[in-house]
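Please keep the sequence and the structure in view while reading.

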Amino acid sequence: MVNTSKCPICSKVFNEEPDNIPRILKCGDTFCSNCIKTSILGNNLICPICASKVNEDIEEMRINKFALSPTKTILCDLCLEEFSMNNKEKFPLILKCGDSFCSQCLENQKKKEKDKGNDTIICLFCGKESDEEVDKLIMNKLILEECLKELILNFKYIDEERIDITKLDFQFSIGLMGETNGGKTSISHYFHTGESFEQSPIATIGLDYHYKYVSCKDKTIKITLWDTAGQERFGSIAAGSLRGVHGLLLVFSLTPIFNPKEKEEYDRAKGEKKKIIKKTYTQKTFKTVEFWLDQFNSFNQQENKIIEL
């Protein structure tokens, strides 16, 4: 599997140039050095993805070596077992030097150093010390996202009649959130039927869900996709219903959305005014992304969640 890691803000490929070095925040998200500088508000550094505050000096921020590696792997370099989103012992944790290992290997390394009378963790690759506790190390979300891509690219659907639900290896729940007319129900319909996206779906009231069984690397997995209502008045209800999900798809549309009256106004407009109207209605579902993200985070405090736009 060939991977190219890019900054999620500017979409530039990470490299060793000063502005394009991948730096990882305390929340686990990774951005290029240049984009991190633009995320400073007052005396605070705000993560553009999860909006959490990061009180770190940019120059001292650790580099995510995984993003720079030409031969990326989602295996721990010590035990050679796969990193996992569903197993706390196999979360990829990143040291100050930038190297990532599974949490189990780092815990074992910590015990070995403690037996020697050392209170620090020694990286077995570069030999540098890390003065952090294992449970306070940053989780490498970039690797977890690669795990998710690997899963998506390799799974095969299984007929429900052939499944023994008592012998499932994993169960993943994924939520859909976003403004009305963003495309959530169309995605849910496609997931359920495997057919083309539904052009004019009926608006979701409250909550709806679909599930499928898939096979990946000899593992049987149940994936449940939860579709939520898009009106802001249902925001807290939708977010509360997704408490405990493993991932979130925050959905918005970049296609202009007009009601009949707005469409007439757009058709009559000319030149610069037409561009302004188009831009206004193109950003209709995007403007509320922050609202839906805040709603979700208020009900989901676990650190090992993955959010995709």
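Four aromatic pairs are present in the structure, a pair being two rings of Phe, Tyr or Trp (its six-membered ring) with centres within 6.5 Å; planes under 30 degrees apart make it stacked, over 60 edge-to-face, and the rest tilted. Phe170 and Phe172 form a stacked pair, because their planes are at 5°, with the ring centres 6.0 Å apart. Phe170 is partly exposed at a relative accessible area of 25%, while Phe172 is buried at 10%. Here buried means under 20% relative accessible area, exposed over 50%, and partly exposed in between, with a 1.4 Å probe and protein chains only.

The rings of Tyr209 and Trp226 make a tilted pair, since their planes are at 35°; the centres lie 4.9 Å apart. This pair links distant parts of the chain, with Tyr209 in strand S13 and Trp226 in strand S14, 17 residues apart. Both residues count as partly exposed: Tyr209 has 42% relative accessibility, and Trp226 has a relative accessible area of 24%. Another ring, that of Tyr211, has the charged end of Lys222 over it, 4.7 Å from the ring centre. A charge sits over a ring if NZ of Lys or CZ of Arg is within 6 Å of the ring centre and within 35 degrees of the ring normal.

The model is a predicted one, in which local features need pLDDT of at least 70 and side-chain atom pairs count only at pLDDT 80 or more, whereas totals for chains, interfaces and linings use all residues. Residues are numbered from 1 along each chain as its sequence is written, and side-chain values use heavy atoms, with hydrogens and water left out.

Next comes the chain as a whole. It has nine helices and 16 strands, which are DSSP runs numbered from the N terminus: helices are H or I with at least four residues, strands E with at least two. Of its 309 residues, 43% count as buried. Among contacts with a separation of 6 or more, 60% are between residues 24 or more positions apart; a contact means heavy atoms within 4.5 Å. The chain exposes about 18100 Å², and carbon and sulfur atoms supply 50% of that area, as computed by the Shrake-Rupley method with a 1.4 Å probe.

Helix H5 covers residues 184-193, and its buried residues are Lys184, Ser186, Ser188 and Phe191. After H5 comes Gly194, which has a positive phi near 75°.

Salt bridges are the next topic. The structure holds five of them, each being a side-chain nitrogen of Lys or Arg within 4 Å of a carboxyl oxygen of Asp or Glu. One of them joins Asp29 and Lys141, whose closest N and O atoms are 3.7 Å apart. This pair links distant parts of the chain: Asp29 is in the loop between strand S1 (22-24) and strand S2 (30-32), and Lys141 is in helix H4 (residues 141-154), 112 residues apart. Asp29 is buried at 8% relative accessibility, and Lys141 is buried too, at 13%.

Asp99 forms a salt bridge with Lys65, with the closest N and O atoms 3.6 Å apart. Asp99 lies in the loop between strand S6 (92-94) and strand S7 (100-102), and Lys65 in helix H2 (residues 65-68), so this bridge ties together parts 34 residues apart in sequence. Asp99 is buried at 10%, whereas Lys65 is partly exposed at 35%. In the salt bridge between Lys90 and Glu81, the closest N and O atoms are 3.1 Å apart. Lys90 is buried, with a relative accessible area of 6%, and Glu81 is partly exposed at 44%.

How many disulfides does the structure hold? There are zero, a disulfide being a pair of cysteine sulfur atoms within 2.5 Å. Cys10 is in no disulfide, and the nearest cysteine sulfur, that of Cys35, is 3.7 Å away. Cys10 is partly exposed at 30%. The sulfur of Cys76 has its closest cysteine sulfur in Cys102, 3.8 Å away, which is too far for a bond. Cys76 is buried, with a relative accessible area of 0%.
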